[in-house]
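Q: I have a model open and would like to learn how to read its features one at a time. Where do we begin?

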Amino acid sequence: MTDRYDVIVVGGGHAGCEAAAAAARAGAATLLVTHKPEKIGEMSCNPAMGGLGKGHLVREIDALGGLMGTVSDRSGIQFRMLNRRKGPAVRGPRAQIDRSLYRREMQTEISCQAGLEVIGGDVRGFVLENGSVHGVSLADGSELRARAVVLTTGTFLNGLIHIGDRRIPAGRIGDGPAHGVSEVLYGSGLRLGRLKTGTPPRLDRRSIDFDSLTEQPGDEPPVPFSFMTDRIDVPQVPCHLTGTTERTHEIISANLGRSAMYSGSIDGVGPRYCPSIEDKVVKFADRSSHQVFLEPEGLEDDTVYPNGISTSLPESVQDEYVASIPGLEHARILQYGYAIEYDFVDPRELNSSLQCRALPGLFLAGQINGTTGYEEAGAQGLIAGLNAARQALDSDPVQLDRAEAYIGVLVDDLITRGVTEPYRMFTSRAEFRLRLRADNADQRLTPRGLEWGIVPDSRRARFEQKMDALNVSRESLLGRSLTPNEANAHGLALNKDGVRRNGMQLLAFPDVDFSVLGRIWPDLAGISPEIAEQLENDARYAVYLERQDADIEAMRRDDALTIPSDIDYSTISGLSNEIREKLERHRPDTLGQAARINGVTPAALVLLLSVVRRKGSHDQDRTRQIA
C-alpha cells in the first residue's frame, strides 16, 4: 500500500497547528487529525499569548513563517511590552486574546494552507513496520498511512481532571482523554511520566465590582507580535488588578486536605512558576496577599479569567475563597477551576529534530514533551513539523542552536536535560540573550526559513525591504562622524580623547538616540521608528556581542563533534558510574550536548573527546583502506 500522505499531524492545538502548517509549507502532503476540528486553535487555559521569554518564541515562530504571531495580532484585545524599562534583550511582548477570535482566525489559516487536509478522528495507535512509524490507526479500525507522524496530544494522554475528590477522565473540561496512544508508547519502551497543570475558576464579568479595582490599560499604540502586521485593528480593552486577602488564605488553609494537590490523589508534578493558590498559601505563608489579574476572555464574552488563583479545591471552597477577594464579593463562577494530570514522554527520548530515537518516523511536540504553555508548544510544533516533512521528502533534518534562537534553547534544554516539572521558557535560560532579542527575530531566523523553504513570498518581500532600509541607514551612520569637540558643541558630553566616532558608535552611548542625532544631521529624521529602534539596540549591544562571539564559536565547535551512535560508555575507562549512567540515559548526539547534561564534568568531557577523536581517526583509516 502506498502512502497517501507525507506527514500526519495528530492534534489540533497550538503545537499541532504549527506542525501541520510548517509541514505543508515545506512541501509535504499533510493531514491534520484531531478529535473535533471545530476546536482547532482552542486556548485551553489562559486567554493570553507571549510574555517574558514566551514573547520571544512567538516572534521567532513568526519569523519562520508560522501562524501564532499573525493570528494573535488579529485577535488580541490588549497588548503590553513587558520589562519596557529594562534593556531590549529582556523585553517581552504579551497580549490578551479574544478566545473565539483566535480560534476562528487559526481555523481560517489552517483551511487556507495549501497542501494541508483536516479530518476529525480518534487516533488510537500507529502503523508500525520494521520498528518505524508509517501512519496512524483510528478508533473505527481504519488506518492512515504516511512517511512521518507528528504527535501533539497536549494534556489528553490519559488526562484526568481533579476537582476536590472528584475525578473526571478528560483531556480538558468537556473533552475526553486519549488512552490508546499511551499504551502504545509505554509498550515501545519509551520512558513516560505524569505531570500536572491547573486552571482557575472562570467568573461572570457582570458580577464583578470593577469600580473598586485597579485598572490596567494596554500600551498605546499596541505593539504587534508579527513582523507582517502594520497596525492592530481589534478594539482594545483594559484588564483589572485585585489580590487575595488574609481571609482568603484562612479559607484555603482550612481546606487543604480537600485539595487534590494536598490529599495525595495527584501523582503529577506541577509547574513551579505557575503555582496553584494552594501552593502559594503554603509555600509563601509570610505573604498576606497575592496578586490576581482579571483578564477578559473576549470582546463579546462575559467570561473573566482570574489569573493567579488556579486550584483543585472543591466547588464550595472555590465559591467561598473567591468571595473573599476584593471586587469579587458577589462574583458568579461560570466554570470551576480544576487540576489536570496527564502522561508525557521524557524528552531525552528525542533527538534534535524532535524525532523519537526508539520509534523512527514519530515526532513529538508540545506538552507531551513536558512543556507548558502555548508558545513552547507552537515552537516545538514548527520544528517537529518541518523535520517530519524533510524526512518524508528525503532531506536532512535541520535545527537551531542556542546562539540562534530561543527555539534552539528550548529544544536543547529538553533533549539534553529533560524535565522534572512542566518546562517554561524564560530569558534567563539563554546564555546569549543579548543576541536573541525579540526585536531582531526576523533578522536571525527569516533567512533560515527562506533556506528551508517555509517562508511565503509575501514575507520574503517584506523582509528584504526591511533589510534594505536597515543597511542603507546603517551605512549612513557609519559614513558620518564627530570628534569629541564637535560632539560637545552639539551638547554631547564625550571624553576628550581625540577619537572620532561614527554614528553607530555615538548611538552606543546611553543618552544618545535618533532624536539626538537628528538634531545634528537633520536628514536622519526621516528614518522610520522601527529601523531607528533596531539600529539603537544593535549599537548599544555591539561591544557585548563581540565579546560573546568567542563563546558562541566554542559552543558550535563542540556541537560539531559528533558522538558515534554506537558508542559503549561502559568501555571508557575513567568515567564514574554516575556519569556513565547519565551519558547512557541521555545518549547525546554531540560533545556540546554532553557538556550541557547536569553533572557531566570537564574531566569526563576530556575522556569523551579523546574517544570521539580516536573513533574518527579509526574511521578515516578504514575508509582509506577500503578505497
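Predicted model: local features only at pLDDT ≥ 70, side-chain atom pairs only at ≥ 80, totals over all residues.

A: We begin with contacts, meaning heavy atoms within 4.5 Å. Setting aside neighbours within four places in sequence, D204 is in contact with D302, R332 and L334.

Q: In which element does D204 lie, and is D204 buried or exposed?
A: Helices (H or I, at least four residues) and strands (E, at least two) are DSSP runs, numbered from the N terminus. D204 lies in strand 13, residues 202-204. For burial, the cut-offs are under 20% relative accessible area for buried, over 50% for exposed, and partly exposed in between, with a 1.4 Å probe and protein chains only. D204 has a relative accessible area of 3%, so D204 is buried.

Q: How many helices and strands does the protein chain have, and what does the radius of gyration say about the protein chain?
A: The protein chain has 19 helices and 22 strands. The radius of gyration is taken over C-alpha atoms, and the globule rule is 2.2 Å times the number of residues to the power 0.38. For 627 residues, a compact globule would come out near 25 Å; the protein chain has 26 Å, which agrees. The C-alpha trace spans about 85 × 75 × 50 Å along its principal axes.

Q: What share of the residues is buried, and what share of the contacts joins residues at least 24 apart?
A: Of the 627 residues in the protein chain, 57% are buried. Counting contacts between residues at least 6 apart in sequence, 74% join residues at least 24 apart.

Q: Which residues does I252 touch?
A: Not counting residues up to four places away in sequence, I252 touches I277, E278, V281, L313 and Y321. I252 and E278 are 26 residues apart in sequence, and their C-alpha atoms are 6.5 Å apart in space. I252 belongs to helix 6, residues 246-254. With a relative accessible area of 0%, I252 is buried.

Q: Where does R501 lie, and which residues does R501 touch?
A: R501 is in strand 22, residues 501-502. Beyond four places in sequence, its contacts include R480, S481, L482 and P484, and also L494, N495, L506 and F509. R501 counts as buried, at 14% relative accessibility.

Q: Is S515 buried or partly exposed?
A: At 45% relative accessibility, S515 counts as partly exposed. S515 lies in helix 15, residues 514-520. The C-alpha atoms of S515 and F284, 231 residues apart along the chain, are separated by 46 Å.

Q: How many aromatic pairs are there?
A: Rings of Phe, Tyr and Trp (its six-membered ring) pair if their centres lie within 6.5 Å; planes under 30 degrees apart count as stacked, over 60 as edge-to-face and the rest as tilted. By this rule there is 1 aromatic pair. The rings of F79 and F225 have centres 6.2 Å apart and planes at 55°, so the pair is tilted. The pair links distant parts of the chain, 146 residues apart: F79 is in strand 4 (residues 76-82), and F225 is in the loop between strand 14 (214-216) and strand 15 (239-243). F79 is buried, with a relative accessible area of 1%, and F225 is buried with a relative accessible area of 1%.

Q: What should I look for in the backbone?
A: Most residues other than glycine have a negative phi, and most peptide bonds are trans. Here a cis peptide bond joins E220 and P221, with omega about 0°. P221 lies in the loop between strand 14 and strand 15.

Q: Where does N83 lie, and where does N158 lie?
A: N83, in the loop between strand 4 and strand 5 (92-97), has a positive phi of about 60° although N83 is not a glycine. N83 counts as partly exposed, at 25% relative accessibility. N158 is in the loop between strand 9 (143-151) and strand 10 (160-163), and its phi is near 50°, a positive value. N158 is buried, with a relative accessible area of 16%.

Conventions:
Residues numbered from 1 in each chain as written. Heavy atoms only, no water.
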